[in-house]
Amino acid sequence: MKLNIGCGRRKLAGWVNLDANPAVQPDILAAVPPIPLEDNTVGHLLMESSLEHIPHCKLWSFFDEVERVCKDGAVVEIVVPHYSSVHAHDPLHHTYWHSTSLNAMCINRNSETGERHSHLRLWLDKVELRVLMRTGIGIGSELGRRIGRLVDWPFNRGPVWQQACERLWPFGFDEVWFRARVVKGQR
Ligand SMILES: C[S@@+](CC[C@H](N)C(=O)[O-])C[C@H]1O[C@@H](n2cnc3c(N)ncnc32)[C@H](O)[C@@H]1O
């Protein structure tokens, strides 16, 4: 199953679209966590502009739920406003994200060497900083996505470079995109 959590009005064809708001008529009406699905049923989990709506005190139980419902090897894709974006600072947003925010919660090259604050079995595959996505150019059109990828390319040439750009880029990034994999086979 492909699960789109916090779908809002952007319900995706071929996905199970979940939202807490009855007005958007989701396939599953629920406020996460918990995620009202059986264990090991999700192969691809997407959250676009919705993780930041989950209160900080519920983040750990939310990620526990993600791990529970996902199959071994499932892809977890998360798009959140970058902390430097004006959109990050809405009153409805509880958490603020940058390119290394998930490092301490996921297994990755840093945590392999011991700096790991989590029991979660999420392997962080890829992180991208995005500049144009919330301006309207990035949303909806394939041309917009291509222009976005071109503009974002210089900022995403590796983690150290990303972190340097986050400190030096004066106008703010719009979004940060994370792709992780669930690795149930190993501890
Ligand atoms: C900014 S909208 C994003 C909608 C869509 N994914 C998009 O990219 O346009 C955030 C959505 O998350 C939903 N949401 C917020 N907290 C939620 C929760 N705890 N459980 C499920 N959905 C939630 C809201 O109802 C809202 O539809």
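Asn 4 stands opposite Leu 46 in strand S4. The model is predicted, so far as its source goes: local features need pLDDT of at least 70, side-chain atom pairs count only at pLDDT 80 or more, and totals for chains, interfaces and linings use all residues. Residues are numbered from 1 along each chain as its sequence is written.

Strands here are DSSP runs of E with at least two residues, helices are runs of H or I with at least four, and both are numbered from the N terminus. Two strands count as paired if DSSP finds at least two bridges between them. Strand S1 (residues 2-5) pairs with S4 (residues 42-48) in the parallel sense, over 3 bridges. S1 also pairs with strand S2 (residues 16-19), again parallel and over 3 bridges. Within this second pairing, Leu 3 faces Val 16, and Ile 5 stands opposite Leu 18.

Strands of a sheet pair through backbone hydrogen bonds, either parallel or antiparallel.

The largest nonpolar core has 36 residues. Such a core is a set of buried Ala, Val, Leu, Ile, Met, Phe, Trp, Tyr and Cys residues joined through C-beta atoms within 7 Å. Leu 45, Cys 70 and Val 76 have the most contacts inside this core. Two or more residues each come from S1, S4, helix H1 (59-69), strand S5 (70-81), strand S6 (122-130) and strand S7 (175-182). S5 gives the most, with 6 residues. Leaving aside neighbours within four places in sequence, Cys 70 is in contact (C-beta atoms, placed from the backbone, within 7 Å) with Val 42, Leu 45, Val 76 and Val 182.

Leu 51 lies in the loop between S4 and H1. It counts as buried because it has 23 C-beta neighbours inside 10 Å; the cut-off for buried is 20 or more, while 12 or fewer is exposed and values in between are partly exposed. Leu 51 touches Ile 78 and Val 80, not counting residues up to four places away in sequence. Its C-alpha atom is separated by 8.0 Å from that of Gly 6, 45 residues apart along the chain.

Gly 6 is also among the closest of the 15 residues that surround the ligand, with Gly 8, Asn 21, Glu 48 and His 53. The shell divides into 6 nonpolar, 6 polar and 3 charged residues.

Notes:
Contact = placed C-beta atoms within 7 Å. Near = placed C-beta within 6 Å. Nonpolar A, V, L, I, M, F, W, Y, C, P; charged D, E, K, R; others polar.
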